[in-house]
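Student: I would like to learn how to read the features of a protein model. Where do we begin?

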Amino acid sequence: MKVNGIDARKYDAKQLTVETQPPQMVVNYEWLTGALLPTEFETDVTMGRLKLCVYFRGRDRNRLVRQMSEFMANFTKACDLELDGYKGTYRGFLAASDYEKKRVKNRYVLNLEFDGFFFDDEESVTFDGVRAGTFYPAGSRRSPCIIEVTAKSGLTNYMISGFGDEDIVIKTLAAGKTAVIDGEAGVVTVAGANAFDVVELWEFPSLEAGKTELSFSNPNARVTVRYRPMWI
């Protein structure tokens, strides 16, 4: 098991048990008086729950308390858990914790509960000099994505359709430059500098699992879409 890329063995700890639970979802609908069928609205997908049991051992209880304290410091904000026996990474937000003393004085068990979700390694797809393209994002949650647009020649009012109901428009981009529209961080940059003023968009890009069809206003750009598949 790893926490934020750090092997749990650094803290003389190991994963004992893991239990995952799905999110508590409720389908939103309204059945109007006289209607033959209900009207259904978009369902909000909340976080799931993960229960993790971690075993610690050390020279004595004073040392154990300090090892667990160092371990717990990883959870003061969102953390990434790589769990033995589970594919992908769990982005967790600590919701509860407690520990148990064992009969042997140099053994403790730490019980943790997290709200969160699984995500996989980043995937990408590139559309080079085309007007349209199709791909099939993985996952079961809507995932934020990153769009990199590299101008093969100077671009003016370059439009990308397929990320939501409204087009993304790059008002101007010099040949050879790359605009990065980062739906994870909520920023737009060119050469690392803020470039929000050169892009028009109503919301940052994201992807639903399944067939995604994109279109581009001209073939004078190379567009790369990067995302991490997310799971309920």
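Predicted model: local features only at pLDDT ≥ 70, side-chain atom pairs only at ≥ 80, totals over all residues.

Student: Over how many bridges do strand E13 and strand E14 pair?

Tutor: Five bridges join E13 (residues 155-161) to E14 (residues 168-173) in the antiparallel sense. To place the two strands against each other, find leucine 155, which has leucine 173 in E14 opposite.

Student: Next, salt bridges. How many are there by the rule used here?

Tutor: The rule asks for a side-chain nitrogen of Lys or Arg within 4 Å of a carboxyl oxygen of Asp or Glu. The count comes to 10 salt bridges. One of them is between the side chains of arginine 142 and glutamate 208, at 3.2 Å from N to O.

Student: Which parts does the pair of arginine 142 and glutamate 208 tie together?

Tutor: Arginine 142 is in the loop between E11 and E12, and glutamate 208 is in the loop between strand E19 (206-207) and strand E20 (212-216), so the pair links parts 66 residues apart in sequence. Arginine 142 is partly exposed at 42% relative accessibility, and glutamate 208 is partly exposed at 40%.

Student: What distance separates N and O in the salt bridge of glutamate 184 and arginine 228?

Tutor: The distance is 3.9 Å. Glutamate 184 lies in the loop between strand E15 (178-182) and strand E16 (187-190), and arginine 228 in the loop between strand E21 (221-227) and strand E22 (230-231), so this pair ties together parts 44 residues apart in sequence.

Student: Are lysine 211 and glutamate 213 buried or exposed?

Tutor: Both are exposed. Their side chains also meet in a salt bridge, at 3.5 Å from N to O. Elsewhere, salt bridges with shared partners join Arg49, Glu113 and Asp115 into one network.

Student: Last, pockets. How much space lies in the largest pocket, and which residues line the pocket?

Tutor: Read the volume, then the lining. The largest pocket holds about 250 Å³, and its lining includes Arg142 and Glu208. By type, the lining residues are three nonpolar, two polar and five charged.

Student: How much space lies in the second largest pocket?

Tutor: About 180 Å³. Among the lining residues are Glu184 and Arg228. Strand E9 (107-119) and strand E12 (143-151) each supply at least two residues of this lining.

Terms used. Residues numbered from 1 in each chain as written. Heavy atoms only, no water. 1 Å grid on protein atoms, 1.4 Å probe; cavity = no way out; pocket = protein on both sides within 12 Å on 5 of 7 lines; lining within 4 Å. Points joined across faces, edges and corners; volume = space filled by probe spheres on them. Nonpolar A, V, L, I, M, F, W, Y, C, P; charged D, E, K, R; others polar. Helix = DSSP H or I, 4+ residues; strand = E, 2+ residues; numbered from the N terminus. Pairing = 2+ DSSP bridges. Buried < 20%, exposed > 50% of the residue type's maximum accessible area, 1.4 Å probe, protein only.
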